[in-house]
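Have a look at the structure first, then read on.

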Amino acid sequence: MMLRRGFILFLPRLVGLLVVACCSMSIVYMLACTPKGDNQQLALPRVHSPTAKEGYEAILQEREEQHRNYIISLKKQIAQLKAELQGRTEQLKNMQNKYPDSLDIQLDHSKPEKAQANLLAFLRSQVDKAEVHSGVKLSTEYAAVPFESFTLQKVYQLETGLTRHPEEKPVRKDKRDELIEVIELAVGSLNKPDGVSKAKPHVYTASDFVEGIYRTEKNKGTLYELTFKGDAKHQFKKIVLFRPFGPVMKVKNENVNMADTLINVIVPLAKRASKFRQFMQNFREMGIQQDGRIHLTVVYFGKEQMNEVKSILENTSKSANFKNFTFIQLNEEFSRGKGLDVGARFWKGNNVVLFFCDVDIYFTAEFLNSCRLNTQPGKKVFYPVLFSQYNPSIIYGHHDSIPSLEQQLIIKKETGFWRDFGFGMTCQYRSDFINIGGFDLDIKGWGGEDVHLYRKYLHSNLMVIRTPVRGLFHLWHEKQCLDELTPEQYKMCMQSKAMNEASHGQLGMLVFKQEIETHLHRQKLSSKKT
């Protein structure tokens with residue numbers, strides 16, 4: 001009874017609570033579902049309204065417009081963020097270039113692993129900034145950093161230093177130790193097993209080293225390119241090393257197969273049949289007999305002495321069984337640039353290495369290999385610095401007779417000099433020559449066209465390999481200074497002639513010849529009196 005009475009008393013209260021709860025839920029539902037004003041939400045049309053369809057379409061269109069505007073706003077924000085990120089990246093890059101030492105190299109010795117990683121990152125950034133993987137655009141021909149070449153015995157250098165020798169053994173201990181270290185490191189890298197090939201590996205030694213070139217960019221490091229003999233004839237192993245003012249880092253290790261790499265030697269010519277005969281003797285011995293992967297293109301201007309030149313070419317063809325030659329005749333005024341340009345464009349075969357040459361040039365088979373190894377289509381062109389011969393009659397004037405040409409071709413300061421102001425002898429792939437635009441055909445005669453082409457390559461992204469080479473010689477010939485020249489031009493011509501005649505010391509001996517003879521005569525008389 002007591003429980004029933006309590007339940008009866010509690011029931012009205014429970015009903016009241018349920019009513020209050022239902023009312024509250026109704027109010028919440030009405031607030032949630034009531035249409036908002038124009039600035040908040042569009043009111044939905046009544047289902048049975050005659051404008052219901054149009055109303056829904058209007059609402060959908062407006063919603064679509066709102067989404068479209070929102071997407072446009074997002075795109076603008078993304079573009080602004082990208083631009084800001086790009087700007088910050090450029091600022092960071094400029095700061096790194098301006099202050100290379102301020103890169104995040106925090107050598108915290110308490111964290112050796114992090115310090116080592118930071119240092120390695122810095123050294124690799126030096127490789128990236130240096131002219132290792134690709135060339136950089138340069139403003140003038142003087143901005144190029146030249147390479148120096150070396151063998152196991154000697155270094156062939158443009159910066160002759162205090163010794164003034166174009167080649168040396170080397171005598172400086174630091175240079176000797178540096179190059180020995182590089183060769184030993186290269187040999188060790190070549191002999192390191194690759195873990196792939198199962199064949200017995202070839203064991204390389206220093207005796208397999210053929211030649212190398214190196215240059216130092218003062219704020220980055222030293223780049224070395226070393227060539228070793230390969231496993232077969234005409235095959236080589238090339239290794240690239242870089243010293244970023246610290247330990248040497250291997251950049252590249254690749255096989256280089258030059259067995260099928262043809263060189264097209266292009267020679268522009270007018271008259272000079274006797275010089276061409278001498279040139280063909282060199283071409284036959286070095287190009288045909290020793291190298292064998294060569295083509296000759298002669299571009300002849302005019303008709304004077306043409307038959308004699310063609311006869312020399314045909315006789316060489318018959319005696320050496322050589323058919324890889326082209327003879328092009330032009331009835332116009334001689335232009336070296338025009339001749340080389342015509343010869344290069346006349347070639348119809350596959351991409352080929354072009355060697356622009358003159359008839360007063362002597363080259364060796366080793367140079368032809370250097371020509372191949374230092375050119376790469378789309379990447380590298382080769383501008384060797386040749387050794388220019390002094391006047392043999394002055395050099396060997398005190399001898400009983402002048403030695404043979406082969407005996408004269410030695411690299412010493414008494415016999416010649418590095419012709420570092422000449423850019424006429426060059427090797428490049430035909431594709432690079434065509435893409436760069438070839439020669440300036442407005443330049444007539446000799447001179448100017450070579451520098452113009454050289455500057456084109458310097459202004460491109462191609463790497464220009466500029467180095468003295470031991471197998472390319474400019475043979476002495478008398479320089480004519482014409483009367484038609486102005487006094488200033490004539491003076492410059494005579495200065496150039498003097499430079500090509502003999503060394504400073506040898507010219508001095510000629511100038512003071514009479515004084516020297518007088519001194520010797522006095523010495524002779526003095527010795528007789530005593």
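This is a predicted model: local features need pLDDT of at least 70, side-chain atom pairs count only at pLDDT 80 or more; totals for chains, interfaces and linings use all residues.

**The overall picture**
- Of the protein's 530 residues, 39% count as buried.
- Take the contacts between residues at least 6 apart in sequence: 69% of them join residues at least 24 apart.

**Around Thr375**
- Thr375 sits in the loop between helix H8 (365-373) and strand E13 (380-389).
- Is Thr375 buried or exposed? With a relative accessible area of 5%, Thr375 is buried, because the cut-off for buried is under 20%.
- A polar atom of the Thr375 side chain lies 2.9 Å from the backbone oxygen of Cys371, and the backbone oxygen of Arg372 is 3.2 Å from a polar atom of that side chain.
- Leaving out residues up to four places away in sequence, Thr375 touches Val353, Lys380, Val381, Phe382, Cys427, Gln428 and Tyr429.

- As a rule, nonpolar side chains in soluble globular proteins tend to be buried together.
- The largest nonpolar core here has 60 residues, and Val265, Phe276, Phe279, Phe283, Phe355 and Phe367 touch the most other members.
- Helix H5 (residues 273-291) supplies the largest share of this core, seven residues.
- Domain 1 (128-190 + 204-257) and domain 2 (263-508) each put in at least three residues.

**Aromatic rings**
- The count of aromatic pairs comes to 25.
- Tyr383 and Tyr457 make an edge-to-face pair, 6.3 Å centre to centre with 65 degrees between the planes.
- Tyr383 is in strand E13 and Tyr457 in helix H12 (residues 449-458), so this pair ties together parts 74 residues apart in sequence.
- Tyr383 is buried at 0% relative accessible area, and Tyr457 also counts as buried at 0%.
- Phe417 and Phe421 are stacked, because their ring centres are 6.2 Å apart and their planes sit at 25 degrees.
- Phe417 is buried at 11% relative accessible area, while Phe421 is partly exposed at 40%.
- Ring pairs also link Phe276, Phe279, Phe283, Phe322, Phe355, Phe363, Phe367 and Phe382 into a cluster.

How values were computed: Residues are numbered from 1 along each chain as its sequence is written. Side-chain values use heavy atoms; hydrogens and water are left out. Helices (H or I, at least four residues) and strands (E, at least two) are DSSP runs, numbered from the N terminus. Buried means under 20% relative accessible area, exposed over 50%, partly exposed in between (1.4 Å probe, protein chains only). A polar contact is a pair of N or O atoms within 3.5 Å; within protein, one must be able to donate a hydrogen and the other to accept it, and residues adjacent in sequence count only if both atoms are side-chain atoms. Contact means heavy atoms within 4.5 Å. A nonpolar core is a set of buried Ala, Val, Leu, Ile, Met, Phe, Trp, Tyr and Cys residues joined through side-chain atoms within 4.5 Å. Domain bounds come from an automatic or database domain assignment. Rings of Phe, Tyr and Trp (its six-membered ring) pair if their centres lie within 6.5 Å; planes under 30 degrees apart count as stacked, over 60 as edge-to-face and the rest as tilted.
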